Amino acid sequence: MIFWLITTLIKILIVFGVLLLSAAYLTLLERKVAARIQNRLGPMEAGFHGYLQPIADGIKLFFKEDIIPADANKLLFILAPIIVVIPVLTTFAVIPFGAPIKIFGHIVPLQITNVNIGILFVLALSSLGIYGVVIGGWASNSKYSLLGAIRTAAQMISYELSLVLSIIGVIMIAGNLSLAQIVSSQAHMWFIVYQPIGFLIYLIASTAEMNRVPFDLGEAEGEIVAGFHTEYSSMKFAFYFIGEYGQIVINSAIITTLFLGGWEGPFLPSVLWFVIKVFLVILIYLWFRWTYPRLRYDELMDLGWKILLPLSLANIVVTGFIMILLGK
Amino acid sequence: MEQNSFLPILIMLVIAILFAVFTVVFSSLLGKKTFEKGKLKAYECGIEPVGEPHVRFDIKFYLIAIFFLLFDIEALFLFPWAVVFSSLGLYGFVEMFLFIAILVFGLIYIWKKGALKWD
């Protein structure tokens, strides 16, 4: 019991640190990828090739003046970024990031906790972030913030449907909601082979749910300044970014777990396999951002409701049909 | 057993809350302070804010929220079914096919009614 508690605490602290650090360094990665795509070098000044840039940014934002607009609803204004960041930091609790290891004769699974409703827990927490966006936009008492918040809310709930439905196919094959079980049932074949449509729908819908380009209507700079975080400054502003980049890491980890076999892989250590796969999925998200122009709002809603939603329903039916035919 | 408990999630939640609250509080204490009235106004490209900040928005957003509620609840029904799908066999498949058909019928209905049209 004591041993379990200690290992769990160590795992929690490691995951927490790695998640925060990778969210910070994703800002650098994004700037570097953007720079390479546009034939530039990106940040080069802070440290060797700009590797200290995220640290410098973090310290700068921490010591910046904290402005709370006079008309804002103060309590909700302060609460909103906190609500954004908490679910992001908690979601990783159920994601397995490596094969179980043996320490002093005890088997320690490399997953903070293996709850039997793992995937439902992830979905529940990832949809909590929307409250931070809506509350923040409303409490700022500014036109741009409110417009951004409403747009984002409508967009996030529209794509949430396809996101949830695209996972059903995986659960049908795995027959389990626990993420550790889903990984171990992919030991022979990754689910992306059985669920290519589900994978694509998840990839697109999660991009839209994170408000990333080409779906960043909520913070479209050209129209509504910065959307729901127009009025935010200092660490509260940074929290929206930790939320966004942390969500990229988490969504990549979920895609890896559900479709790309999780930590399974030959030769290399399992944790390394997990990191490699997550990193590749993150690169796809970044690549999206610097390749596609932003959609128009009606196009965005059409894509969500008229294409992705029927497609994900059809995917479930086809998956079920094929499984019945094969007699599984 | 220990492995499946929700306790670690609670610990993680507490750490996350402490981290978030402490960071926000300390950053606002340590940050520099200036007292200027104009700075505290809502941002509106540099001019004085015009009219009510809480602008009216389209009723469409409200409709989208209702559709989401309906479809999301229906989607949640699929989860328990998906877990036991392989043991249900053909019977389970036909049942759920009818359920999804009703879902699709509802979608086609709101589509034809023009509720998904944005202009």
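Reader: Which residue in the hairpin of β1(A) and β2(A) takes a positive phi?

Author: That's Phe104(A), with a phi near 50°. The hairpin has two residues between the strands. Keep in mind that this is a predicted model.

Reader: Okay, and in what sense do those two strands pair?

Author: Antiparallel, over four bridges, with β1 covering residues 98-103 of chain A and β2 covering residues 106-110.

Reader: Which residue is the bridge partner of Gly98(A)?

Author: Leu110(A), over in β2(A).

Reader: Switching to helix α4 of chain A, which residues are buried there?

Author: The helix spans residues 118-126, and the buried ones are Gly118(A), Ile119(A), Phe121(A), Val122(A), Leu125(A) and Ser126(A).

Reader: Why do they end up on the same side of α4(A)?

Author: Because they cover an arc of only 155° around the axis. As a rule, an α-helix has 3.6 residues a turn, so residues three or four places apart point the same way.

Reader: What do the buried residues of α4(A) pack against?

Author: Five helices of chain A: α3 (74-91), α5 (129-139), α6 (143-174), α7 (179-184) and α11 (234-259).

Reader: Now the contact between the chains. How many residues does each one put in?

Author: Chain A puts in 67 residues and chain B 59.

Reader: Which helix gives the most on the chain B side?

Author: α1(B), with 16 residues. Helices α1 (7-30), α2 (60-83) and α3 (85-112) of chain B each supply at least two residues to the side touching chain A.

Reader: And how does that side split by class?

Author: On the side of chain B that touches chain A, 42 residues are nonpolar, ten are polar and seven are charged.

Note on methods:
Residues numbered from 1 in each chain as written. Chains lettered and ligands numbered in written order. Predicted model: local features only at pLDDT ≥ 70, side-chain atom pairs only at ≥ 80, totals over all residues. Contact = placed C-beta atoms within 7 Å. Nonpolar A, V, L, I, M, F, W, Y, C, P; charged D, E, K, R; others polar. Pairing = 2+ DSSP bridges. Buried ≥ 20, exposed ≤ 12 C-beta atoms within 10 Å, placed from the backbone. Arc of directions from axis to C-beta.
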